[in-house]
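Okay, thanks for coming, everyone.

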Amino acid sequence: MNRHSDGPQQTIALSRGSRTSQRPLVLCLGFFVFSSGTVLFSLAIFLLLSFFIMPSMFFDLLLVGFPIGAAIAVRFVGSELKDLRRLLSVLQLVMAVTVVLTLLCKHVGYMRGQLFGISPPWILAQISVFSAIYLPFFLAYGAAEYVAYLIGISSFKSRARTGYAIFLFGGSAAFTLAYVVEPHLGVPRMLLLAIGLVALGQGVISMQRSWSWVVAAAWMTLCALPQWDGLFMDLFKSSGP
């Protein structure tokens, strides 16, 4: 009797074990995709700041915003999948707002037209505006990746190096992707592609039907529109020298 009763229980245990072993693989894929999206967006920001002769500001924002975002996550955000999904939604919203606010940069592009006799107060004003535009992204980026890192540690049985390697490979993939697609798509469509990758990573992590797949498809569709590149650059570029 016990022999027969153990059969279904063993089957259920095996099925649960297979789902448990599959979960880390799915998380790996989701982390890889959304990490590629965030790094790709960061590279696009670097290229946009280079247009205003301030590329070094990118590293300042990254080194300041990322750890502060992680610290905020430690204090106010949990380390469960629902917390990560919520953070990824916030991250996508911040990225979309950042794309829109980027169009305001031309109004504070002081250094492009003033190569000599630069006024320190005007430089400070330009740095302040650029920080207000791009720092929220790095804060959200740091918070989301830190929570994902904590989830990875618990899912990969405390093998922190596994989760860390996933984010490194995701970043490396973003550099390769930027090198390949930037000459063909341009920076404006790279921005949309990056947001789409974050939404896609959120959908993979969710492992269920969710709006993330629809959002990812929408961003990818916008990225495929060739008119977006010209429209964005026409609005982005200053009419000055």
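**Surface, fold and rings**

Quick housekeeping. This is a predicted model, so local features need pLDDT of at least 70 and side-chain atom pairs count only at pLDDT 80 or more, while totals for chains, interfaces and linings use all residues. Residues are numbered from 1 along each chain as its sequence is written, and side-chain values use heavy atoms, with hydrogens and water left out.

On to the fold. We have nine helices and zero strands; these are DSSP runs numbered from the N terminus, H or I of at least four residues for helices and E of at least two for strands. Of the 241 residues, 40% are buried, where buried is under 20% relative accessible area, exposed is over 50% and partly exposed is in between (1.4 Å probe, protein chains only). Take the contacts (heavy atoms within 4.5 Å) between residues at least 6 apart in sequence: 82% of them join residues at least 24 apart.

Gln202 lies in helix H7 (residues 187-206) and counts as buried because its relative accessibility is 6%.

Then the aromatics: the whole structure has eleven aromatic pairs. Rings of Phe, Tyr and Trp (its six-membered ring) pair if their centres lie within 6.5 Å; planes under 30 degrees apart are stacked, over 60 edge-to-face, and the rest tilted. Phe31 and Phe167 are stacked, 5.7 Å centre to centre with 20 degrees between the planes. That pair links helix H1 (residues 2-51), which holds Phe31, to helix H6 (residues 160-185), which holds Phe167, 136 residues apart. Phe31 is buried at 0% relative accessibility, and Phe167 is buried at 7%.

Phe46 and Phe59 are edge-to-face, because their planes are at 65 degrees, with centres 5.9 Å apart. Here, Phe46 is in helix H1 and Phe59 in helix H2 (residues 56-76).
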